[in-house]
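Please open the structure in the viewer and keep the selection panel at hand. The stops below proceed from one selection to the next.

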Amino acid sequence: MKTNSKTIAVMMLVLLMASCNNKDARMLTVINEDGTCSREYSFHTNEKELTIPQKEDFDSLIDKHWERTWSMIGSDSLRHPVPITKAQLDSLQELNPDKELSDSLMVHVKKQFATVQDMSDNLLMAEGFKANSKLEKSFKWFYTDYTFTETFVYDGPAIFPIPISRFLSTDSASYWFTGQPNLTRDYSGAEQKEMLDKIEAKINQWLNANWFAEICKTIADHYDMVKNPPVSKETFVSQCNELAMHPDVLNDTDDKVDNFKKVLDNHFHSDAYYELLNSDTLDSSREEYGSFLSFDTNYDLVMPGKVMDAGMGEYDGHVIHYRVSGGRTISNDYKYSISATSRVTNIWAFVVTFLVIALSIGSFFIRRRSHS
């Protein structure tokens, strides 16, 4: 069956979302004490793009107001100004004669923003997603706490018609796709495997149900091409919703396409849908799957002062590291948030307090002397 072959292949990638690692793509966010911020995106590029002068727009999203630099993976971390020169390209190619330069060239685009929401409104590398940010400052005299939260929301067409909540609890689904909450704490290796096997079985059932729903949607969208349909389009759609949860659909582990056809055949007592599903007319894939899964990057965050809480990130003493992706939104109504809290010591508050105490002590002794 050609109709949904691409769709099914892409949906299979969802199983890997928790472990896939596009280690080169990166988003760096820096929060400043005054509430301003900056964001830098790093991603693979090619020789042609690096020849575009800084005074010209990079593309329709990255204009000349974004600061641009480039670097090479595996050689050094030095940033070089754009545009790249022909001499530099020739030198790089000589160093790697058997390798495509585009595999190692990275471009870094950076921009300053007045507010965190302004930064989120200029979200790149996340087609189909929007972001909302909030920075809260809590003044406590000797120190000020900063809490930054950014939530990524998938704003495109519905991806999975059958929600995962019909198969797994919120915590189990979240653990599978994000690693949180940690459901395997204090588990032995055998106990972890047993739990993960059970979750994976439910994930496979969920995917099967959605694959079947996609097949039914394809048929419904082209129902006028079905010759001698056994039921009306409305009846077909209604009954397919129930069939998606049929045991033969959920527990199929072999040739899903042919077996799903058999489920339709046995239920409607007709092979009227076979010709349509085997035709080249419907050889297409849903673009929203591509945009949804393409959002997958490392997210680095630098907070002012000392980090007190890194949320689900890993703090290395300077930078908090997160992973953000489309797959991580699946278990939470297509939303995923990162959050961190840091503390800035107000040195001036200590100075003022010291001066007040010193003046108080000084005035106390002055009063004593005046009374003696």
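A residue is called buried when its relative accessible area is under 20%, exposed when it is over 50%, and partly exposed in between (1.4 Å probe, protein chains only). The model is predicted: local features need pLDDT of at least 70, side-chain atom pairs count only at pLDDT 80 or more, and totals for chains, interfaces and linings use all residues. Numbering starts from 1 along each chain as its sequence is written, and side-chain values use heavy atoms, with hydrogens and water left out.

**The whole chain**

Colour the chain by secondary structure. It contains 12 helices and 12 strands; helices (H or I, at least four residues) and strands (E, at least two) are DSSP runs, numbered from the N terminus. Of its 372 residues, 43% are buried. The chain exposes about 20,200 Å², of which carbon and sulfur atoms supply 52%, with areas from the Shrake-Rupley method and a 1.4 Å probe.

**Helix α5**

Select residues 170–178, which form helix α5. Buried or exposed: which describes most of α5? Here 7 of the 9 residues are buried, so the helix is largely enclosed by the rest of the structure. The buried residues are Ser172, Ala173, Ser174, Tyr175, Trp176, Phe177 and Thr178. Show α6 (189–221) and β12 next, as both are among the elements that cover them. Gly179 follows α5 and has a positive phi, near 85°.

Now select Ser331, in the loop between β11 and β12. Ser331 counts as buried because its relative accessibility is 13%. Leaving aside residues up to four places away in sequence, Ser331 touches Thr170, Ala173, Ser174 and Thr178; a contact means heavy atoms within 4.5 Å.

Select β6 (residues 129–139) together with β7, an antiparallel pair with 11 bridges; two strands pair if DSSP finds at least two bridges between them. Asn132 stands opposite Thr151 in β7. The hairpin of β6 and β7 has 3 residues between the strands, and Trp141 there takes a positive phi near 65°.

Thr149 has Ser339 of β12 as its bridge partner. Strand β9 (residues 306–309) also pairs with β12, in the antiparallel sense and over 3 bridges; Asp309 is partnered there by Thr341.

**The open sheet**

Display the open sheet of 8 strands, whose order is β4-β3-β5-β2-β1-β8-β11-β10, with mixed pairing. Which strands stand at the edges? They are β4 (80–81) and β10 (314–315), each with a single partner strand, so one side of each is left without a neighbour in the sheet.

**The largest pocket**

Finally, select Asp24, Arg26, Ser42, Arg79 and His108, which lie nearest the centre of the largest pocket among its 17 lining residues. On a 1 Å grid over the protein atoms alone, a pocket is an open set of points with protein on both sides within 12 Å along at least five of seven lines, and lining residues have an atom within 4 Å of a point. The volume is about 310 Å³, taken as the space filled by probe spheres set on the points. Strands β1 (26–31), β2 (37–44), β3 (67–72) and β5 (105–113) each contribute at least two lining residues.

How values were computed:
On a 1 Å grid over the protein atoms alone, a cavity is a set of points where a 1.4 Å probe fits but cannot get out, and a pocket is an open set with protein on both sides within 12 Å along at least five of seven lines; lining residues have an atom within 4 Å of a point.
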